[in-house]
Amino acid sequence: MTRKQQRIHFAQQHQTLLRCPLCYEQVEVNEASMVCANRHTFDFTKQGYVNLAPQRTENLYTKELFTARRMIIDSGFYTPLHQELIKLVADAKVIADLGCGEGTHLQQLLPEGALGIGIDLAKEGVKMAASYDNVLWQVADLANIPLITSSVDAIVNILSPSNYKEFKRILRADGRMIKVVPSENYLYELREAFFPDKSPYSNTTIVELFEQQFAHTKKITVRYEQQLTAELMRMLVDMTPLTQNVASVQKAQFIADKIQTITLEFIILLGEN
Ligand SMILES: [Zn+2]
């Protein structure tokens with residue numbers, strides 16, 4: 001069986017969760033595509049994902065960026081964060097990672113036997129993510145999620161924008177929302193090197209908005225330091241949105257300084273629907 005056939009077979013087992021992004025009708029998975037009652041058709045790609053937002057083009061995030069991101073995640077950069085998140089999704093049967101990028105976060109968190117759904121508008125990310133099994137991988141708009149109402153036990157949303165109206169729609173009545181946001185000292189060494197005069201990053205607005213949207217909210221702080229090789233440091237400096245407007249010469253200087261330790265600090269925001 002090819003990977004595409006495997007992914008189609010897997011999607012057929014879970015097709016009752018899917019809905020058409022154009023007319024919101026229920027979707028069936030046939031031998032090559034997702035098709036709704038109104039015959040809107042979305043084909044599986046050979047990589048095994050489905051593009052449910054083909055009219056949208058997202059070119060900001062390139063294959064190079066996702067390759068760098070995967071190497072950094074594979075190096076263990078986020079492992080202490082993953083360890084916390086694994087506890088929070090351990091009993092979930094259906095977990096959606098909204099803004100899944102190249103998919104490694106979800107792959108690392110997914111409990112055995114659970115269904116993962118990974119959604120991102122960035123096609124290059126989802127294309128790469130589709131190499132991981134046991135997940136429905138979809139290119140889709142987070143403002144129009146192609147899942148039926150009350151279909152998901154837990155949502156994870158890691159360092160990525162949210163659309164709470166849609167998130168709450170797809171979350172079950174007792175479903176759990178888990179959002180990871182950076183804290184003041186996230187990538188402190190980069191902030192210090194590139195923006196020494198800028199006031200510290202604040203996540204207050206994001207936290208307040210989350211607390212307005214969900215019940216029984218909690219905050220978990222995760223803080224650790226990570227050693228990076230010179231190559232991974234170069235990748236980090238290149239991939240983080242933090243440095244996208246920094247001149248290359250300044251980035252090169254930072255890498256030449258051979259700083260090896262990076263501070264990671266996050267807040268996990270936890271809430272119920
Ligand atoms: Zn349709």
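## Cys23 and its surroundings

Leaving out residues up to four places away in sequence, Cys23 touches Cys36, Asn38 and His40. The model described here is predicted. Cys23 itself is found in the loop between H1 and E1. Its relative accessible area is 22%, and because buried residues must fall under 20%, Cys23 is classed as partly exposed.

## The zinc site

The zinc ion is coordinated by the SG atoms of Cys20, Cys23 and Cys36 and by ND1 of His40, at 2.1 to 2.3 Å. The angles among the four donor atoms run from 102 to 115 degrees, and the site is tetrahedral. Along the chain, the donors of the zinc ion follow the spacing C-x2-C-x12-C-x3-H. Cys20 lies in the loop between H1 and E1, whereas Cys36 belongs to strand E2 (residues 33-36), so this pair ties together parts that are 16 residues apart in sequence.

In an unreviewed UniProt entry, the annotation "binding site" covers Cys20, Cys23, Cys36 and His40. These residues are spread over 21 residues of sequence, yet they cluster in space, with a largest C-alpha distance of 8.4 Å.

## Cys20 and Cys36

Cys20 is placed in the loop between helix H1 (3-13) and strand E1 (27-29). Cys20 has a relative accessible area of 0% and is therefore buried. When its neighbours within four places in sequence are set aside, Cys20 is in contact with Glu25, Val27, Cys36, His40 and Phe42. Two of these contacts, Cys36 and His40, are among the residues that coordinate the zinc ion.

Cys36 counts as buried as well, because its relative accessibility is 3%. Cys23, by contrast, is partly exposed at 22%.

Gly175 is located in strand E9 (residues 171-182). With a relative accessibility of 1%, Gly175 counts as buried. Not counting residues up to four places away in sequence, Gly175 touches Asp153, Gly271, Glu272 and Asn273.

## The chain as a whole

The secondary structure of the chain comprises ten helices and eleven strands. Its C-alpha atoms fill a box of roughly 60 × 40 × 30 Å, taken along the principal axes. For 273 residues, a compact globule would have a radius of gyration near 19 Å; the chain has 19 Å, and the value therefore agrees with that expectation.

Of the 273 residues, 51% count as buried. Among contacts in the chain with a separation of 6 or more, 62% are between residues 24 or more positions apart. The chain exposes about 13,300 Å², of which carbon and sulfur atoms supply 48%.

Notes. Residues are numbered from 1 along each chain as its sequence is written. This is a predicted model: local features need pLDDT of at least 70, side-chain atom pairs count only at pLDDT 80 or more; totals for chains, interfaces and linings use all residues. Side-chain values use heavy atoms; hydrogens and water are left out. UniProt positions are given in the numbering used here, feature names are shortened, and annotations may be inferred rather than shown by experiment. Helices (H or I, at least four residues) and strands (E, at least two) are DSSP runs, numbered from the N terminus. Buried means under 20% relative accessible area, exposed over 50%, partly exposed in between (1.4 Å probe, protein chains only). Contact means heavy atoms within 4.5 Å. Donors are N, O and S atoms within 2.8 Å of the metal (3.2 Å for Na, K and Ca); water is not among the atoms, so sites may look incomplete. Four donors count as tetrahedral if all angles lie between 85 and 135 degrees; four count as square planar and six as octahedral if opposite donors are over 155 degrees apart and all others between 65 and 115; anything else is irregular. The radius of gyration is taken over C-alpha atoms; the globule rule is 2.2 Å times the number of residues to the power 0.38. Accessible areas come from the Shrake-Rupley method with a 1.4 Å probe; for residues, only the protein chains shown count as cover.
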